[in-house]
Every structure is written in C-alpha cells, then in structure tokens.
Amino acid sequence: MLWKGRRQSDNVEDQRGQGGGFNLPRGGPGRLRIPIGGRSGGGMSLSTIIILVVLYFGLKAIGIDPLQILAGGGGLAPGGGGQITDNSGEGTGAPASDEMKQFVSTVLAETEDTWSGIFQAEGLTYEDPKLVLFSGQIRSACGFASSAAGPFYCPGDRKVYLDTTFFQQLDQQFGASGDFAQAYVIAHEVGHHVQNLTGILPKFNQMRQQMGEAEANHMSVQVELQADCFAGVWAHFTGQKGILEQGDMDEALNAAQQIGDDTMQKKTQGYVVPESFNHGTSEQRQTWLARGYRSGKLSDCDTFNTPI
Ligand SMILES: [Zn+2]
C-alpha cells in the first residue's frame with residue numbers, strides 16, 4: 001500500500017507502555033465476549049433489523065431517522081455493549097515502532113475519508129472512531145483486555161483497540177504477511193464501528209443475550225462476515241485512489257483465509273468444531289471480503305439476508 005506521505009489521523013490514542021491503568025471503565029457489566037449464551041426472550045428478528053439497515057438510506061428520504069429506530073432507544077448503555085474480539089494468542093508486548101504508528105494512523109485516516117464519503121453521499125454524518133494503541137493490557141468501556149484477545153472494537157466507547165504486536169503474530173504464527181493484511185485487520189474493526197453507528201451492533205449485543213450459544217455463534221458469524229465485507233468496501237474505494245500495490249488485495253485475502261475459524265482451530269487444536277465458529281470459515285471470510293471489494297456497495301454486505 002502506498003501509504004507514506006498521506007494524511008494521518010488524529011484519532012489514534014497511544015497508550016503503549018501504560019499497562020492499561022489509564023482508561024477507567026464507565027460501568028456496565030464489563031467484558032462480554034462472543035460467544036455468550038443466554039436464555040429465553042424474543043423480540044424483533046435481526047433479519048427485520050437488517051432489512052431496515054439496508055433500507056436505512058432510503059428511509060432517510062422520507063424523514064424517518066432509522067438510527068433512532070435501530071438504536072432501540074438506549075438499549076445499549078455505555079459499557080454495556082459486548083466487545084467484539086478478533087482473534088487470540090499471545091502477544092509479546094513489545095512496543096510498536098513509530099513507523100507502525102504512522103502506518104496505523106494513515107490507514108485509519110483512509111477509513112475516515114472513505115466512510116465519511118459513503119455516509120455523506122446519503123446525507124449522513126460519519127462519526128470517527130478512536131483507535132487505541134496499547135501494549136500488554138488495557139481497560140476499555142467493555143472491561144479489561146489483554147493483548148492475547150487480539151484487536152477488538154468496543155461499542156461502549158466507540159474505540160478500536162490494537163496491540164500492534166498482533167501484526168507480528170499475524171505474520172509469524174498465522175502466515176499472513178504484508179501491510180495490506182494489517183490494513184484489512186484495521187478496516188475490519190472499523191467495519192464494526194460502522195455497524196455500531198448503523199445500529200446493527202447494539203441490536204446484536206441485545207439479542208444475543210436472549211439466545212442459545214449456537215444461535216448466538218451463528219449471528220456472530222453474520223456480524224463478523226459483514227465487517228469483513230465492509231473492510232472490502234473500504235479496500236474498493238482505497239483501490240480507486242490508486243494507492244493499492246500489486247498483491248495488496250491478495251495479502252488481505254490471505255489474512256482472511258488464515259484467520260478463518262476452521263483454519264485457526266485446525267492449527268491450534270488439530271480439529272474443528274463448526275458449532276463453535278463465531279467469525280466464519282476461511283472460505284466465508286475470503287468470500288465476503290472479496291464481495292465488498294468487488295462492488296464497493298454496502299447493499300452487497302447483507303450477511304443477514306443472504307446465504308453465507
Ligand atoms: Zn470482528
């Protein structure tokens with residue numbers, strides 16, 4: 001990716017070396033993880049919600065504010081949202097280089113520009129997320145987390161959390177190298193932020209507490225594949241700027257392959273347990289990333305009403 005010399009985002013908070021003592025949680029039940037089981041309850045089906053989301057921009061035109069509908073009237077209290085984790089394993093805790101910070105800041109800036117443009121085209125305002133760089137451990141509005149949990153997005157404070165040693169792990173342990181593999185990881189987390197802004201994530205976090213584990217896992221996969229698709233949408237527009245290099249998209253697709261649930265489970269435990277999948281198989285992750293990339297259309301990222 002031809003990222004050097006491009007705008008860097010001001011929304012990066014560097015908390016490396018602070019050991020996580022900085023950012024006090026704002027209350028709430030603390031860290032919720034996917035998958036999380038629950039019992040009973042009913043409520044609106046997510047398909048209905050997603051149809052609304054897909055119609056989001058259309059509804060705007062007739063004076064309805066879909067964000068208000070989808071946010072469910074405060075169903076997600078600050079700190080009450082489940083953190084969306086992406087991956088696992090041990091980080092080394094080594095501080096990231098300044099160049100790494102510059103890279104992350106530049107990719108984040110590119111996501112800001114792209115998503116602002118997409119929202120603006122529909123008469124909406126994109127609110128930038130913050131991205132927190134940390135080392136070792138961190139406190140978020142979603143609770144305490146260690147690097148081992150991998151990058152995550154916390155809807156409660158609208159921040160992406162990233163220990164960049166994950167990128168070394170991605171390269172060395174998972175066999176996903178290249179700067180655009182890393183950009184994909186960031187864009188995926190930003191995809192969760194887009195889901196938060198459009199009401200998908202709050203609804204999911206609310207609904208999954210009323211579901212059994214298998215059902216919650218399945219919906220988690222739908223959420224995650226949509227974030228992959230949104231990452232693809234971002235890559236589509238980034239490509240149009242002429243800053244993708246030969247092989248960049250292959251790096252991202254390879255990363256999606258390497259961190260698929262089936263591939264990861266085979267590597268870490270030697271066998272797969274499909275009911276436990278919560279991010280999607282390698283093939284699914286590649287498919288949805290490629291799908292977003294091909295068209296650049298959000299409407300092609302409806303993982304809730306399309307067979308995945
Ligand atoms: Zn995710």
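Cys301 is buried, as its relative accessible area is 0%, and buried here means under 20%. The structure shown is a predicted model.

**View 1. Strand 4 and strand 5 form a hairpin.** Let's begin with two neighbouring strands. Strand 4 covers residues 137-140 and strand 5 covers residues 143-146. They run in the antiparallel sense and pair over four bridges, with two residues between the strands. Look for Ile138, which stands opposite Ala145 in strand 5.

**View 2. A disulfide joins Cys142 and Cys154.** The two sulfur atoms are 2.1 Å apart. Cys142 sits in the loop between strand 4 and strand 5, while Cys154 belongs to strand 6 (residues 152-154), so the bond ties together parts that are 12 residues apart in sequence. The torsion about the S-S bond is about 95°, and therefore this disulfide is right-handed. Cys142 counts as buried at 0% relative accessibility, and Cys154 is buried with a relative accessible area of 0%.

**View 3. A disulfide joins Cys229 to Cys301.** Here is the partner promised above: the S to S distance is 2.0 Å. This pair links distant parts of the chain, 72 residues apart, with Cys229 in helix 8 (residues 213-240) and Cys301 in the segment after helix 11 (282-295). Its S-S torsion is about -75°, so the disulfide is left-handed. Cys229 counts as buried, at 0% relative accessibility.

**View 4. The structure holds two disulfides.** If you number the bonded cysteines in sequence order, the pairing reads 1-2, 3-4.

Conventions. Residues numbered from 1 in each chain as written. Predicted model: local features only at pLDDT ≥ 70, side-chain atom pairs only at ≥ 80, totals over all residues. Heavy atoms only, no water. Pairing = 2+ DSSP bridges. Disulfide = S-S within 2.5 Å. Buried < 20%, exposed > 50% of the residue type's maximum accessible area, 1.4 Å probe, protein only.
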